[in-house]
Amino acid sequence: MHSDEAPNNDVVDEKPLTKEENSLLTKVLRAKLVQSTKEVEVQRKDPKSPLYSVKSFEELPLKEALRRGVYGMGFNSPSKIQETALPMLLADPPNNMIAQSQSGTGKTAAFVLTMLSRVNPEESFPQVICLSPTMELAKQTGAVAEQMAKYCPEVKIAYAIRGNRLSRGEKLTSQIIIGTPGTLMDWILKVRAFDPKKIRVFVLDEADVMIDTQGHKDQSVRIHKFLPKDCQMLLFSATYEEQVMKFAESIIPEPIVIRLRREEESLENIRQFYVVCTGMEQKFESLSNMYGVISIGQCIVFCHTRKAAAWLSEKMSREGHSVALLSGEITVEQRIAVLNRFRAGKEKLLITTNVCARGIDIEQVSVVINFDLPMDRFNAPDFETYLHRIGRTGRFGRYGLAVNFVNEGRDLPLLKKIEEHFGRPIEELNTNDVDALEKLNE
């Protein structure tokens, strides 16, 4: 689009991410452990023993080589879910577990540590299986396992993923198999690459995504049936809907159930403003004026449609800003590349649609702009999306700034509802008033 003519902004042309893509994107975005303030709730078998929560990796029964691997990855102390789950996961006799926690809470490190702890490196046959819904997610888990096992050279990992073919009758000597259900079924039934009765730990990651994919669900159940009765069963899921629980309980006997209470995102350290605009051009001018006066570290601008995002991106680029554009038509890999560049500070301005309202924890983001207010399909204010969007600023205890560009007629009543819903003031800002803008720097 080369004209300056503003596109029609009422069309939602955004293709939502699949659950698998969302899982992968969130995992990558939160690759650095974000300190969570969530509380962990043990729902069953709530043990009173002080051993059931640890504050350091030294307190856990870990081999020294594994502990070195953990510290080498930058984990100085366990996250909330790790400090509660790991003593139970590493106990003898082993406990089965159903754990619910979002990406970014350290759950992958928790179950990978358990997998590595249960392996006998002197035995050259598969002892641990970890299933993920996609090849990319399996590789992500594998990358964590390889880093953590850096000082355990005798521990080998095999990837049961598309393209990794074994000849019929070929026997695996790797102690850990990480992969997807379809390929693993082939390795058990067609290739007979290992004896499933010798598996000691079975991990089902991203269980909510697995259950949503009918084929994966059926294959996971079939694989589970090949395993010995005393195999330690671990199921991790970001959500805890009834169908996830039913599925989990159908394959996991007598589990300890732990879940993280939802973290309430606070808006206390975020100052919220609104700017009244008539149309897209004026919104662009307001953004331009802000950049002329306020010192902005990094900024995310949320648009309602891909067209609006592309239009604004071109306009801001022409003004000499280094702009990153993120919207629904690019692949997950391209999105990850764009976000990594933004996180590294190569671009200071990220223009995006709703695809990335969740999960982006970038410390340097000091300003979030709602170029369009978030609305649901009934044109009512979408409070949850608003919270996720402006929650991208003011992270880690810093002060943040959120500015909403609103059209005079229909948007002001929506903004009023958002203000009432969160009980926090949203003040009017005149972006043509240099003094008012300069005050925002204070």
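Me: What share of the contacts in the protein chain with a separation of 6 or more comes from residues 24 or more positions apart?
Reply: Such residues account for 78%. Contact means heavy atoms within 4.5 Å. The model is predicted: local features need pLDDT of at least 70, side-chain atom pairs pLDDT 80 or more, while totals for chains, interfaces and linings use all residues. Numbering starts from 1 along each chain as its sequence is written, and side-chain values use heavy atoms, without hydrogens and water.

Me: Why is α3 called roughly parallel to α4?
Reply: Helix α3 (residues 80-90) packs on helix α4 (residues 107-118) at about 20 degrees, axes 10 Å apart. That makes the pair roughly parallel, because angles under 35 degrees count as such, over 145 as roughly antiparallel, 65 to 115 as roughly perpendicular and the rest as oblique.

Me: Which residues of α3 and α4 meet?
Reply: From α3 come I81, Q82, L86, L89 and L90; among their partners in α4 are A109, A110 and L113. By class, this contact has seven nonpolar, three polar and two charged residues.

Me: What makes a set of residues a nonpolar core?
Reply: Buried Ala, Val, Leu, Ile, Met, Phe, Trp, Tyr and Cys residues must be joined through side-chain atoms within 4.5 Å. Buried means under 20% relative accessible area, exposed over 50%, partly exposed in between (1.4 Å probe, protein chains only). The largest such core has 44 residues, with M115, I176 and I178 making the most contacts inside it. Helix α4 gives the most to this core, seven residues. A second, separate core has 34 residues, including I129 and I251.

Me: How many of the 442 residues count as buried, in percent?
Reply: The share is 55% of the protein chain.

Conventions
Axes fitted to C-alpha atoms, helices over the stretch in contact; angles between N-to-C directions. Helix = DSSP H or I, 4+ residues; strand = E, 2+ residues; numbered from the N terminus. Nonpolar A, V, L, I, M, F, W, Y, C, P; charged D, E, K, R; others polar.
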